[in-house]
Amino acid sequence: MTTMRTATERHGGAAGTQGTAGVTVATALLAGPALMAGYGVVRLAGRAVGDYGPGVWWTVAHLLFLAGVLAFVPVFLGLRGLAGERGGGRVACEVAAWTGLLGAAAVVVQAVIDLGVGFVAADKEAMSEMFDRVQGVPGVMPLVYTVVPMLFWLGLLALVTLLAFLRRDLVRAWAPVLVLAGTVVMAVSLDLLPVGALCLGVALLPVRRGLSG
């Protein structure tokens, strides 16, 4: 498999081949959306059987979600290197990538809290009470649940949009539209998570092919 370094060096740039979890960027581009889709499917299954609260369905779903968000760390770090080594485009991509990573950190904290509450709580009522206490701490809602997590999606959209102009050989012109559509769909309803994740996967697929080919 052609790694991130090989692909970017052919175009005058340089980037690391491995992400924080030791997977290649190309693999992370596939794993991130796939794991998020898995989270959506397991969540729907748990709700369908009426057992989506403390227990196996909740835990498996949120583990998949956590893994999916972590998979986007090497995606952000890898995509920012595609803009080249200098110029305004590189600076803009750096800002977009680090914005997305800041949002990812908030989402990771959110997922860990959800897992912890699900592990400790005895039933759904206890879960609700624990979430109320956690979210009632000053600053927790904007930092972990509302404002900062949105930076994950805004950073990803900005990065893909910039690369659609700077690296047309790897990022298709329609990719930002799909990223936006996927983000909006997931924001409308968590039940549409698999659809939104599919949009992200399709948007990033040409990039993965370009890096792997």
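This note goes through the predicted model point by point, from the overall fold to single residues.

1. Basis. The model is predicted, so local features need pLDDT of at least 70 and side-chain atom pairs count only at pLDDT 80 or more, while totals for chains, interfaces and linings use all residues. Residues are numbered from 1 along each chain as its sequence is written, and side-chain values use heavy atoms, with hydrogens and water left out.

2. Overall make-up. The protein has nine helices and zero strands. Read from the N terminus, its elements follow the order α-α-α-α-α-α-α-α-α. Helices (H or I, at least four residues) and strands (E, at least two) are DSSP runs, numbered from the N terminus.

3. Of the 213 residues, 46% count as buried. Here buried means under 20% relative accessible area, exposed means over 50%, and partly exposed lies in between (1.4 Å probe, protein chains only). The protein exposes about 9,900 Å², and carbon and sulfur atoms supply 69% of that area. Accessible areas come from the Shrake-Rupley method with a 1.4 Å probe; for residues, only the protein chains shown count as cover. Among contacts between residues at least 6 apart in sequence, 67% join residues at least 24 apart. A contact means heavy atoms within 4.5 Å.

4. Salt bridges. Side chains of opposite charge can pair when their charged atoms come close. The rule used here asks for a side-chain nitrogen of Lys or Arg within 4 Å of a carboxyl oxygen of Asp or Glu. By this rule the count comes to five salt bridges.

5. Asp191, at 33% relative accessibility, counts as partly exposed, and so does Arg47, with a relative accessible area of 46%.

6. The pair Asp169 and Arg167. These two residues form a salt bridge in which the closest N and O atoms are 2.8 Å apart. Arg167 is buried, with a relative accessible area of 8%, whereas Asp169 is partly exposed at 39%.

7. Negative patch. Asp123, Glu125, Glu129 and Asp132 gather in a patch of negative charge on the surface. Patches are made of residues with over 30% relative accessible area and no salt bridge; like charges are joined within 9 Å, and nonpolar side chains (Val, Leu, Ile, Met, Phe, Trp, Tyr) within 5 Å. Lys and Arg count as positive and Asp and Glu as negative, while His and the chain ends are not counted. The place of a charge is taken as NZ of Lys, CZ of Arg, CG of Asp or CD of Glu. Glu129 lies in helix α5 (residues 124-135) and counts as partly exposed at 42% relative accessibility.

8. Nonpolar patch. Leu180, Val184, Val188, Leu192 and Val195 make a nonpolar surface patch of about 410 Å². Which helix gives the most to this patch? That is α8, with three residues. Val195 lies in helix α9 and is partly exposed, with a relative accessible area of 43%.

9. Val160. This residue is found in helix α7 (residues 150-166) and is buried, with a relative accessible area of 3%. Leaving aside neighbours within four places in sequence, Val160 is in contact with Val171, Ala175, Pro176, Val179 and Leu204. The C-alpha atoms of Val160 and Pro176 are separated by 5.8 Å, and the two residues are 16 residues apart along the chain.

10. Gln110. Helix α4 (residues 88-120) holds Gln110. Gln110 is buried, at a relative accessible area of 16%. Not counting residues up to four places away in sequence, Gln110 touches Val144, Tyr145 and Pro149.
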